[in-house]
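Visitor: I would like to know what stands behind the words used for this model. Could you walk me through them?

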Amino acid sequence: MKRRVAVQTAPRTIEIVEEELPPLGENDVLVEVAAIGLCHSDMPQYLGERAMGTDAKGRRAMVDKPSWPRYLGHEPVGTILEVGKNVSRFRPGDFVGGAWCGFASHGIADERRCIPVPADITPLVHCLPEPLACIANIVQIANPALGDYVAVIGCGCMGLMTIAGFGWSGAAEIIAIDLLDSRLELARQYGATVTINPGREDVDEVVYEVTKQRGVDVVVEISGSLKGLRTAAMIVRYADMFDSSGRGKILMPSLYGREEKWDPFTGYALMFRAPVLHSAHPWYCVEYMHTARAGVEAYRKGLLPLQRMITHEFVLEDVAKGFELMESRDESYLKGIVIP
């Protein structure tokens, strides 16, 4: 069987080719892809700077100056067309997603890597299990206690869904921080109780007042910038050597994939406050499939409203246009999907 697939052949250069799919393995499923999400973590590869891959020992690692051609894309959802003879969890007609496939019309995946999607999901193209799993992971790790102060730095698609996920946590305040007023307005719609624009407000002063001089118990830094990490380090609450109040925590689900100069104020702030730092990526999950199912179920119940975040759709031939739009930082863009 042949599929149409986007192949990156050089920086900022993507070609659509037709290629033969390999035979279906005993534990594999063949999926007709309905949609694939565009993700900022693929941007370094698109720009030709670096890519996710493996090192000489076969370990997951950054690949500097990637070679071509390469596939990119990892947020598919679709319908199973065929299953291998040992597949027991799925049958043809089931909806699935996961972190595999690339931007393509069809994909083959081991059933263990497939996240089930309920049959009543509609439209299917808006339910992307991989980013939903990422948000579920963040919410589970953050786990704010009743009365805690939480903050989210960066109100793009993932930040807004994180805010939505915190909306039923019992947090005393949900603080949204972003440089765009339009994003802060969206943050309020999705559950933020306090919004701060660092371009015209002193974040530390506002947080000090809102939290009654306590500081923030949980900070999610999801802007992907070291400036965002500095802000997180400045607002998270202090640990205390002489009582049992413990320390705050900072979640870092962003890919810090570009070169930036380290700010020593961040280092000092982290030293004084001594927060727990969580690299809140999918590999952090204790039980990934449980977390992924929780994310999809939260979507089905309307708790993680990903469908409201999707602002742009592209055909397979226009994948590069999607990446260019992401890079442009157009205010109208939150999340794009590719319909192959």
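**How the helices pack**

Guide: Helix α2 and helix α3 (residues 157-166) pack at an angle of about 50°, with their axes 10 Å apart. This is a predicted model, in which local features need pLDDT of at least 70 and side-chain atom pairs count only at pLDDT 80 or more, while totals for chains, interfaces and linings use all residues. Residues are numbered from 1 along each chain as its sequence is written, and side-chain values use heavy atoms, leaving out hydrogens and water.

Visitor: Which residues make the contact of α2 with α3?

Guide: On the α2 side they are P131, L132, C134, I135, I138, V139 and A142, and on the α3 side M158, M161, T162, G165 and F166. Contact here means heavy atoms within 4.5 Å. The residues divide into 10 nonpolar, 2 polar and no charged, where Ala, Val, Leu, Ile, Met, Phe, Trp, Tyr, Cys and Pro are nonpolar, Asp, Glu, Lys and Arg charged, and the others, Gly among them, polar.

Visitor: What makes α2 and α8 roughly perpendicular to each other?

Guide: Their packing angle is about 105°, with the axes 7 Å apart. That angle falls in the perpendicular class, so α2 and α8 are described as roughly perpendicular. P129, E130, L132, A133, A136, N137 and Q140 of α2 meet Y288, H290, T291, A292, A294, G295, V296 and Y299 of α8. This contact divides into 9 nonpolar, 5 polar and 1 charged.

Visitor: How do you know that α6 is roughly parallel to α7?

Guide: The axes of α6 (residues 226-235) and α7 (residues 264-273) come within 8 Å and cross at roughly 30°. That value belongs to the parallel class, so α6 is roughly parallel to α7. The contact joins L229, R230, A233, M234 and I235 of α6 with F265, T266, A269, L270 and R273 of α7. These divide into 7 nonpolar, 1 polar and 2 charged.

**The pocket and the loops**

Visitor: What lines the second largest pocket?

Guide: Its lining is A136, V139, Q140, N143, P144, F166, W168, S169, A294, G295, A298 and L304. Both α2 (129-142) and α8 (288-300) supply at least two of the lining residues. The lining has 8 nonpolar, 4 polar and no charged residues. On a 1 Å grid over the protein atoms alone, a pocket is an open set of points where a 1.4 Å probe fits, with protein on both sides within 12 Å along at least five of seven lines, and lining residues have an atom within 4 Å of a point.

Visitor: Which peptide bond to P69 is cis?

Guide: The bond from W68 to P69 is cis, with omega near 5°, and P69 lies in the loop between β5 (60-64) and β6 (76-83). K65 is also placed in the loop between β5 and β6, and its phi is near 50°, a positive value in a residue other than glycine. The bond from T122 to P123 is cis too, with omega near -10°, and P123 sits in the loop between β9 (115-117) and α2.

Definitions and conventions. Helices (H or I, at least four residues) and strands (E, at least two) are DSSP runs, numbered from the N terminus. Axes are lines fitted to C-alpha atoms, for helices over the stretch in contact, and angles run from 0 to 180 degrees between N-to-C directions. Angles under 35 degrees count as roughly parallel, over 145 as roughly antiparallel, 65 to 115 as roughly perpendicular and the rest as oblique.
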